[in-house]
Amino acid sequence: MTDGREVQWVEVTEGQVGQRVDNFLMTRIKGAPRALIYRIVRKGEVRVNKKRVKADTRLALGDVVRIPPLKLAPREAVREVSDNLRNLLAGSVLLEGRDWMVLNKPSGLAVHGGSGVKIGLIEALRQVREDLDFLELVHRLDRDTSGCLLLAKSRPALLSLNESLKRHEMNKQYLALVAGRWPARRDFVSARLDRFDAGNGERRVRVDSGGKVARTRFAVREAFARATLIEAEPITGRTHQIRVHAAHAGHPLLGDDKYGTREAGRIAAQFGLSRLFLHAASLTFPEPTSGKPVKIRAPLGETLDGVLESARNAR
């Protein structure tokens, strides 16, 4: 990994074949934000085999990449991983294979830096796992969602897992606590979703007939006096899909500050809930090399387990 004080010449190894130049640089330049990566590529400071390239150029085995010396201004630099975050990530690994890993992502941690977020999970994990030349997200979770998150440790594994996603060979099941009594007969929500600008620079999602097709399967796991624990399986993968579909059905997720209601907020407060109750509880995917199914579960944790106990005792 470059320390930014001198030009680096790095040869592409087998595990980096096919990787985009921008992603390759993110793993090599400690603390560099993506905007800076794009800038040095655009200016021609980054060369591959002594030739100018674009950020989306794919690397081949044996390519030699020129990485310029960089001195990051404090406002530009991605924050160093704190000891607490380092320990949190190390303890979040649920299972790790030769070319993939699954984390139990903590709530409140964005998967990517940017938009005021100095460091995201992927940037932090690249600092923690300096033994890896390649590390990319296979899919994403919202910042406030916890649970199973799959990452690839090689380019071939990333391509294989992306294909599994496209062929719907990857199954993701979530647990969510919603306001009110979810009707047992309501096991499917199909409503088109459209992203829009909320007016303060924030992007949100709403049900709109002109939006993209979105389908979610729901099942009741446990009913309480004022709330319902449901299992949600997104058939499609739209932004905020479970949250918006649940709200559209009249049962917003507890702890949801974007799509919730005042009544949902009062119930959440009664249960002592201070975060979004949405957890990626299980993930099933074909192992990239063998094709054998891998199924992983992520425990809810003490905080959400405690909220469920409060819901059981509520009147």
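Trainee: Which residue in S15 stands opposite Ala176?
Mentor: Leu278 stands opposite Ala176 there. Before we go on, this is a predicted model: local features need pLDDT of at least 70 and side-chain atom pairs count only at pLDDT 80 or more, while totals for chains, interfaces and linings use all residues. Residues are numbered from 1 along each chain as its sequence is written, and side-chain values use heavy atoms, with hydrogens and water left out.

Trainee: OK, and what is the bridge partner of Ala176 in S14?
Mentor: That partner is Ile230. Strands here are DSSP E runs of at least two residues, helices are H or I runs of at least four, and both are numbered from the N terminus.

Trainee: How many bridges join S9 to S15?
Mentor: Six, and strand S9 and strand S15 (residues 278-286) run antiparallel. Six bridges also join S9 to strand S14 (residues 227-234), again antiparallel. Two strands count as paired if DSSP finds at least two bridges between them.

Trainee: Is S9 mostly covered or mostly open?
Mentor: Mostly covered: seven of the nine residues in S9 (171-179) are buried. Buried means under 20% relative accessible area, exposed means over 50%, and partly exposed is in between, using a 1.4 Å probe and protein chains only.

Trainee: Switching to helices, which residues of H4 are buried?
Mentor: Leu121, Ile122, Glu123, Ala124, Leu125, Arg126 and Gln127. That is seven of the eight residues of H4.

Trainee: What covers them?
Mentor: The cover includes H1, H2, helix H3 (83-90), strand S6 (100-105), S7 and strand S8 (146-152).

Trainee: How do the axes of H3 and H4 cross?
Mentor: They come within 10 Å and cross at roughly 90 degrees. That makes H3 roughly perpendicular to H4. Axes are lines fitted to C-alpha atoms, for helices over the stretch in contact, and angles run from 0 to 180 degrees between N-to-C directions. Under 35 degrees counts as roughly parallel, over 145 as roughly antiparallel, 65 to 115 as roughly perpendicular and the rest as oblique.

Trainee: Which residues make that contact between H3 and H4?
Mentor: H3 brings Leu85, Arg86 and Leu89, and H4 brings Leu121, Ala124, Leu125, Gln127 and Val128. Contact means heavy atoms within 4.5 Å.

Trainee: And how do the axes of H1 and H2 cross?
Mentor: The axes of H1 (residues 21-28) and H2 (residues 34-42) come within 10 Å and cross at roughly 120 degrees. H1 and H2 are therefore oblique to each other. The contact is made by Val21, Asp22, Asn23, Leu25 and Met26 of H1 with Arg34, Ile37, Tyr38 and Val41 of H2.

Trainee: Where does Asp133 lie?
Mentor: Asp133 sits in the loop between helix H4 (121-128) and strand S7 (136-137). Asp133 is partly exposed, with a relative accessible area of 38%.

Trainee: What does Asp133 touch?
Mentor: Leaving out residues up to four places away in sequence, Asp133 touches Thr13, Gln16, Gln19, Thr27 and Arg28.

Trainee: Last one: in what order do the four strands of the open sheet come?
Mentor: S1-S4-S2-S3, with antiparallel pairing. Strand S1 (8-11) and strand S3 (51-52) are the edges, each pairing on one side only. H1 packs on this sheet, touching S1, S2 and strand S4 (64-67), and the direction of H1 makes about 60 degrees with that of S4.
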